[in-house]
Amino acid sequence: MYDARFDNDEAARTESTIAARAAVLVTSGLNVHCTNLEGEVKDALELYTAESDADLIVLSAGGAHTSRGAMGKVASHLVRSGGVPVLLIGGTGAETSTPAEPLFVRILVPLDGSPMSERVLDLAASLAIPGESEILLARVVVQFVEMSEPGTGGGVYPNEDDLGRLRATAKSYLDDLASQLKEHGCKVRTVVLPGQSGERALLWVAGEQWMDAVVM
């Protein structure tokens, strides 16, 4: 038989946990408001974001005690439909910085040449700390291998000559955007990445360059 006391006990435990976390934030001088939402997670968060006029959603993208698949679906929905920027924190939930350290020293901004991808440049600049942060603008030039029957035209595309021209065009594109950001006092570098997968190339440079954030 269903016993409503189980729901009441769970709600009490949840409120107690949230209150304890909020108290830590309050001691840092922040104004904190807590609320419990009901319903489908992604829909409830999307509605509350609109009703509360939130400017930013900060969300764990999965960790040791979180269903990565479940949180991934929520994050994906909010990125596409939330209407405000979403800050996704990956990994296992371990501390990555202390309050005394700048949060975003190295910021990676992947670009594909479209106006949509460039919309985040102002946001990336606003996250950068003058004199400390550096923005890395990256574009991937994909080269792929097409397998086919012998003698039917398979090979590597684009060829080396075309690939060189594409890389030069990508470098010029990134340098133009970097010049605009530098006018606002930002430290900026650019990199053109080769590879057969844009996702893998960006993950590689994010790890290789010790990026603190990816803004896209």
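Modeller: Let's go through the chain as a whole, then its core, its strands, its salt bridges and a surface patch. This is a predicted model, where local features need pLDDT of at least 70 and side-chain atom pairs count only at pLDDT 80 or more, while totals for chains, interfaces and linings use all residues. Residues are numbered from 1 along each chain as its sequence is written, and side-chain values use heavy atoms, with hydrogens and water left out.

Biologist: How many helices and strands are in the chain?

Modeller: The chain has 7 helices and 8 strands. Those are DSSP runs numbered from the N terminus: helices are H or I with at least four residues, strands are E with at least two.

Biologist: And what share of the residues is buried?

Modeller: Of the 216 residues, 24% are buried. Buried means under 20% relative accessible area, exposed means over 50%, and partly exposed is in between (1.4 Å probe, protein chains only).

Biologist: Which residues have the most contacts inside the largest nonpolar core?

Modeller: Ile107, Val109, Leu111, Ile135, Leu137 and Leu181, in a core of 19 residues. Strand S3 (106–110), helix H5 (121–127), strand S4 (134–142) and helix H6 (160–182) each give two or more residues to this core, and H6 supplies the largest share, 5 residues. A nonpolar core here is a set of buried Ala, Val, Leu, Ile, Met, Phe, Trp, Tyr and Cys residues joined through side-chain atoms within 4.5 Å.

Biologist: What does leucine 111 touch, apart from its neighbours within four places in sequence?

Modeller: Its contacts include Leu137, Tyr173, Leu174 and Leu177. Contact means heavy atoms within 4.5 Å.

Biologist: OK, strands now. Is S3 mostly covered or mostly open?

Modeller: Mostly covered, as 4 of the 5 residues in S3 are buried. S3 pairs with S4 in the parallel sense over 5 bridges, and isoleucine 107 has isoleucine 135 of S4 as its bridge partner. S3 also runs parallel to strand S8 (residues 213–214), joined by 2 bridges, with leucine 108 partnered by valine 214. Two strands count as paired if DSSP finds at least two bridges between them.

Biologist: How many salt bridges does the structure hold?

Modeller: There are 4. A salt bridge is a side-chain nitrogen of Lys or Arg within 4 Å of a carboxyl oxygen of Asp or Glu. In one of them, aspartate 212 and arginine 106 have their closest N and O atoms 3.4 Å apart. That pair links distant parts of the chain, 106 residues apart: aspartate 212 is in the loop between helix H7 (198–208) and S8, and arginine 106 is in S3.

Biologist: What about arginine 189 and glutamate 134?

Modeller: They form a salt bridge too, with the closest N and O atoms 3.0 Å apart. Arginine 189 is in strand S7 (residues 187–195) and glutamate 134 in S4, 55 residues apart.

Biologist: Last topic: which residues form the nonpolar patch on the surface?

Modeller: Leu25, Val26, Leu30 and Val32, with about 310 Å² of accessible area together. Patch residues have over 30% relative accessible area and no salt bridge; nonpolar side chains (Val, Leu, Ile, Met, Phe, Trp, Tyr) are joined within 5 Å, like charges within 9 Å. Areas come from the Shrake-Rupley method with a 1.4 Å probe, and for residues only the protein chains shown count as cover.

Biologist: Where is valine 32 found?

Modeller: In the loop between helix H1 (4–26) and helix H2 (41–51). Valine 32 counts as partly exposed because its relative accessibility is 33%.
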